[in-house]
Amino acid sequence: MTTRHHSLAKNKIKFLMLEGVHARGLDEIRRQGYETIATEPKAPPPEQLLDMVEDVHFLGIRSRTQVTSQLLDRARKLTAIGCFCIGTDQVDLTEARRRGIPVFNAPYANTRSVAELVLAEIVMLLRGIPARNAAAHRGEWLKSARGSHEVRGKTLGILGYGHIGSQLGILAEGLGMRVIYYDIAAKLPLGNAEPVNTMSDVLARSDVVTVHVPDTELTRNMIDAQALEQMQAGAYLINAARGRIVDIPALADALRGGHLAGAAIDVFPVEPKGNDESFESELRGMDNVLLTPHIGGSTEEAQENIALDVATKLVRYSDNGSTMGAVNFPEVSLPDHASARRIMHIHRNEPGVLQAVNSVISKASVNIAAQYLQTLPDVGYVVMDLETDDAPALVRELDAIPATLRTRFLY
Ligand SMILES: NC(=O)c1ccc[n+]([C@@H]2O[C@H](COP(=O)([O-])OP(=O)(O)OC[C@H]3O[C@@H](n4cnc5c(N)ncnc54)[C@H](O)[C@@H]3O)[C@@H](O)[C@H]2O)c1
Ligand SMILES: O=C(O)[C@H](O)COP(=O)(O)O
């Protein structure tokens, strides 16, 4: 792989923002002096995207744009990626890091929106509202208490007690629910929530099971036929995490067979790329299933907060080299760079690289005003404030170090 470097005037730096990133993020980027921002309302087809990214420095996406190693190879100038959402499973994070590209997201900005939606869905499901609503639209009148329940005193089982799961637990306790949860990491219980030892415990004990884990190799199809069988007869399933976590044909069977009383599903293994494509799912037409178009985090509040958060992280990386908040990269928090030239060197983490970097600086008789280093097992990131008038010459020397992935400098 060849090394790349750049130090460009702001008006030459190109942003490509996909999937209708909220205007607040675009405004923030412009406010910081960047003028070239292309936007798209949806995720372009992969082939078209390959052409679009060729001269882009900063790419902004949401959950639908797949960033593959093929795309990264084409995006020769790509400096950083912003996921304007929580999930980052749509990006090949390792391949991005290996090319010296940090990936940022907004880890909390839509947490509350998802938790509120799921809370509302719990109430709707326990009252049988999806079926009663569908019937009323057809002119039927299902006035009956049969199968309708208060949520008070019922058990909510949370799989994945992270930001969303734990926030939801607090809200559900406010309605009088008992909350149990299972997480692969030890998590401090909030309120009266009870951690349990296995996913099976959650499945067997809960009136409503809700999934809040990321999409990983471990969680794909985590809710399969066997898991659904372990749920109580008449229980409900909610998935507002990622589509591949629940085996949809198995869920459809469990609903058709009457083992589950209903479900609320916001995310699907295959989702339309935009609002002009039709939505296909085996769950369509089932009156006891609440189907929503991946809008768990889609509130005005969340989208505005996300846009500001991620835009700020991209601009800070561009202006100052700080990688705080990167999900795949050594995190370096930096003061503003003042009079010295700031040079950023991203390299494969091999023995002797820092020595080689320092030897380039010392041979040039340049004083190091400050130096910051962070490493991950495969990649290192060193930032230097140098008292030099010839940063381009140093960049050329640093690029020649065999382990170099990328060198940038700021004027
Ligand atoms: N529907 C939407 O619009 C929407 C919006 C925001 C987030 N999400 C999805 O929700 C997911 C969760 O978000 P979050 O902010 O709570 O993430 P988080 O990282 O704060 O929490 C995830 C939790 O899951 C746990 N976990 C991971 N693998 C597990 C496993 N196999 N079994 C049990 N627990 C496991 C983690 O330890 C962590 O505590 C995100 O990854 C994203 O994919 C969807
Ligand atoms: O990961 C997330 O934050 C959610 O899935 C929201 O994704 P979206 O930005 O595509 O709505």
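Mentor: Helices here are DSSP runs of H or I with at least four residues, strands are E runs with at least two, and both are numbered from the N terminus. Before going on, keep in mind that this is a predicted model, where local features need pLDDT of at least 70, side-chain atom pairs count only at pLDDT 80 or more, and totals for chains, interfaces and linings use all residues. Residues are numbered from 1 along each chain as its sequence is written, while chains are lettered from A and ligands numbered from 1 in the order in which they are written.

Helix 10 itself covers residues 248–256, and its buried residues are Ile-248, Leu-251, Ala-254 and Leu-255. Buried means 20 or more other C-beta atoms within 10 Å of the residue's own, exposed means 12 or fewer, and partly exposed is in between, with C-beta atoms placed from the backbone. Down the helix axis, those buried residues fall within an arc of 120°, so they line one face of helix 10; the arc is that of the directions from the axis to the C-beta atoms. An α-helix has 3.6 residues a turn, so residues three or four places apart point the same way. Pro-249 and Arg-256 are exposed on the other side of helix 10.

On the domain level, domain 2 takes in 111–291, with bounds from an automatic or database domain assignment.
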